Amino acid sequence: MMTPETPPLTTSDVNMQIHKQIDMDFQRVSISGEDTSGVPVDDLRDASSLLVQALLIREKYMKLNLQSFPKVTKRCLRTVDNEPMDEEDATSHDDEDHPIHPPATKGNPFQCPVPAEICCELKMVDGVIQVFESASCTENQQSIDLPYPDRQTFLADMNILLALIANGPM
């Protein structure tokens, strides 16, 4: 009985047989514009710039109110806005110097001394509430010289903060 002869195997046939015998495990990799968080990089960039702007606004208003602003945060903001670091700023403090005063656990927390009445007059001028020492000062338009932003600056800052809020959770 004659058997048909099998043709000789070529190199590609051998490779094909080897690949069939080996179990091929592989991992599919998707390369896209998204970071590992699942949020596109452009959205992260926009959110981070809004967050930096919000911190700069906070720093500005804390300085106007003569309140302290953390040095670590200030140092980070100086790397972003390329402004010089003012080491002699009286409104900055170190985190180590921050006093911790936990609330009392006994008694009524709302039972506290009420400050005495302050005798002053308040009047709205160009959309900003002005503080006057007395009624006569109100008539003479002699307000107490307090640092505050004008209405346009405040509204521009508020619009930035509203854009940050509308952007949703980060």
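Helices (H or I, at least four residues) and strands (E, at least two) are taken as DSSP runs and numbered from the N terminus. The model is predicted, so local features need pLDDT of at least 70 and side-chain atom pairs count only at pLDDT 80 or more, while totals for chains, interfaces and linings use all residues. Residues are numbered from 1 along each chain as its sequence is written, and side-chain values use heavy atoms, with hydrogens and water left out.

The chain contains five helices and four strands. Read from the N terminus, its elements follow the order α-α-β-α-β-β-β-α-α. The chain has 170 residues, and 13% of them count as buried; buried means under 20% relative accessible area, exposed over 50%, and partly exposed in between (1.4 Å probe, protein chains only). The accessible surface is about 14800 Å², and carbon and sulfur atoms hold 58% of this area. Accessible areas come from the Shrake-Rupley method with a 1.4 Å probe, and for residues only the protein chains shown count as cover. Among contacts (heavy atoms within 4.5 Å) with a separation of 6 or more, 33% are between residues 24 or more positions apart.

Aspartate 81 and arginine 78 both belong to helix H3, three residues apart, or about one turn of the helix. The two form a salt bridge, with the closest N and O atoms 2.9 Å apart. A salt bridge is a side-chain nitrogen of Lys or Arg within 4 Å of a carboxyl oxygen of Asp or Glu. Aspartate 81 counts as partly exposed because its relative accessibility is 25%, whereas arginine 78, at 14%, counts as buried.

The bridge between glutamate 59 and arginine 78 has its closest N and O atoms 2.8 Å apart. Glutamate 59 lies in helix H2 and arginine 78 in helix H3 (residues 71–81), so this pair ties together parts that are 19 residues apart in sequence. Both glutamate 59 and arginine 78 are buried. In the whole structure, four salt bridges are found.

Another salt bridge is formed by lysine 60 and aspartate 157, whose closest N and O atoms are 2.6 Å apart. This pair links distant parts of the chain, as lysine 60 is in helix H2 and aspartate 157 is in helix H5, 97 residues apart. Lysine 60 is partly exposed, with a relative accessible area of 33%, and aspartate 157 counts as buried at 8% relative accessibility.

Two packed helices are described by the angle between their axes and the distance between the axes. For helix H2 (residues 41–64) and H5, the angle is about 140 degrees and the axes are 9 Å apart. Axes are lines fitted to C-alpha atoms, for helices over the stretch in contact, and angles run from 0 to 180 degrees between N-to-C directions. Residues in the contact between H2 and H5 include Leu50, Ala54, Ile57 and Lys60 of H2, and Phe154, Asp157 and Leu161 of H5.

Leucine 155 is located in helix H5 (residues 151–166) and counts as partly exposed at 40% relative accessibility. Glutamine 130, in strand E4 (residues 128–132), counts as buried because its relative accessibility is 8%. Apart from neighbours within four places in sequence, glutamine 130 contacts Glu121, Leu122, Lys123, Val125, Ser143 and Tyr148.
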